[in-house]
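User: Hi! I've got a structure open and would like to talk through it with you. Could you start with the ligand site?

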Amino acid sequence: MAQDATTGSAGPILDNSGNAIEILMPRPMAATVIEQLDRRFTLHRLWEADDADAFVAEHGTRIRGVATGGGTSGRIDKALIDALPGLEIVSSFGVGYDHVDAAHAGSKGIVVTNTPDVLTDEVADLALGLLLATLRKLPQADRYLREGRWLEKPFPLSPTLRERTIGILGYGRIGKAIAKRLDAFGVTVVYHGRREQPGSPHRYYADLEAMARDVDTLVVITPGGQGTEKLVDKRILEALGPEGVLINVARGSVVDEAALIEALRGGTILSAGLDVFEKEPQVPQALIDMEHVVLLPHVGSASVHTRNAMAQLVVDNLVAWFTGKAPLTPVAETPSPR
Ligand code: 8YV
């Protein structure tokens, strides 16, 4: 009997005919994921195929699991799911899984797993760092010093976190971790989400626009996907107002990027700190040209420590499933049948 990944010395996990179970990986993932899946399964590297569609047509019936990273390149859509009739599980890297058609997978009894919890603190830390960097203009100050401009005169005074009211859009695990950190900074925190969370120490707004009117800082940490597309639009930015700061560590799709650029250009809001964009890794030149915004290349969870933990969870979900156990972290749309 093959052992699971947590008990060490593990060999291939075999099917009833004695063959290693076959897993498809559409795009390259972390080396530790590839190494471990190579040891436990027959791993198909779809990106190495001359013709991906032909590969899927030829081998699709034998594929029982998919391992995928985030982003558009690892998209697991209806067509791919339907082309894999023996598919049982999609193990996805990242807490956000808007690149996987989980509703369709769920309707076919296919489990989708993501990598929650292990990245909560890392992303919350980054959100606070980005908020402070944006308000206190830390990247701009660093550039100022390097350019020798401090020798001429002091760096201009910056806006502040002091006396701000922060609205959290998306009060899930990461949203709450951000709120907890902000509590320690002595600022007022409120939130908007699909529903009020009983027992929360923070005020709930059922209406996003009403919250945007009452706060001057909006931190976006709601899942991406159809339900949240362009939730932060011209109207919300106007409500946020001229002292308003937008921090987005969720998905670029949640913010209307064109409206945001207009709002930043015209002074509708003060500034923005963005870790995510509509068409990553493409970032609009208009944003790059703005001196009063802080832009990061989607690094919310990107520390060695946390990415290793996420990678391990991708492997452990597949190993758990194919050794007859319940998946460790199934998503809401596909509750585990075990
Ligand atoms: C992922 C993220 O690492 O977890 C998420 O949802 O946004 C990141 O932390 C990213 O999706 C991987 O591409």
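This is a predicted model: local features need pLDDT of at least 70, side-chain atom pairs count only at pLDDT 80 or more; totals for chains, interfaces and linings use all residues.

User: What about Val 95, how far is its polar backbone atom from the ligand oxygen?
Analyst: That distance is 2.7 Å for Val 95. A polar backbone atom of Gly 96 also has a ligand oxygen atom 2.8 Å away. From a side chain, Arg 307 places a polar atom 3.1 Å from an oxygen atom of the ligand.

User: How much of the ligand does the protein bury?
Analyst: The protein buries 84% of the 330 Å² that the ligand exposes when taken alone.

User: Switching to helices: at what angle do helix 1 and helix 12 pack?
Analyst: Helix 1 (residues 31-40) and helix 12 (residues 304-322) pack at about 20°, and their axes are 9 Å apart. Because that angle is under 35 degrees, helix 1 counts as roughly parallel to helix 12.

User: Left-handed or right-handed crossing?
Analyst: Helix 1 and helix 12 cross in a right-handed way.

User: Now the backbone. Where is the cis peptide bond?
Analyst: The cis bond joins Glu 280 and Pro 281, with omega about 5°. Pro 281 sits in the loop between strand 11 (271-274) and helix 11 (285-288).

User: Which residue has a positive phi although it is not a glycine?
Analyst: That's Lys 230, with a phi of about 50°. Look for Lys 230 in the loop between strand 9 (217-220) and helix 9 (234-240).

Note on methods. Residues are numbered from 1 along each chain as its sequence is written. Side-chain values use heavy atoms; hydrogens and water are left out. A polar contact is a pair of N or O atoms within 3.5 Å; within protein, one must be able to donate a hydrogen and the other to accept it, and residues adjacent in sequence count only if both atoms are side-chain atoms. Accessible areas come from the Shrake-Rupley method with a 1.4 Å probe; for residues, only the protein chains shown count as cover. Axes are lines fitted to C-alpha atoms, for helices over the stretch in contact, and angles run from 0 to 180 degrees between N-to-C directions. Helices (H or I, at least four residues) and strands (E, at least two) are DSSP runs, numbered from the N terminus. Angles under 35 degrees count as roughly parallel, over 145 as roughly antiparallel, 65 to 115 as roughly perpendicular and the rest as oblique. A crossing is left-handed if the near helix is turned anticlockwise from the far one by less than a right angle, and right-handed if clockwise.
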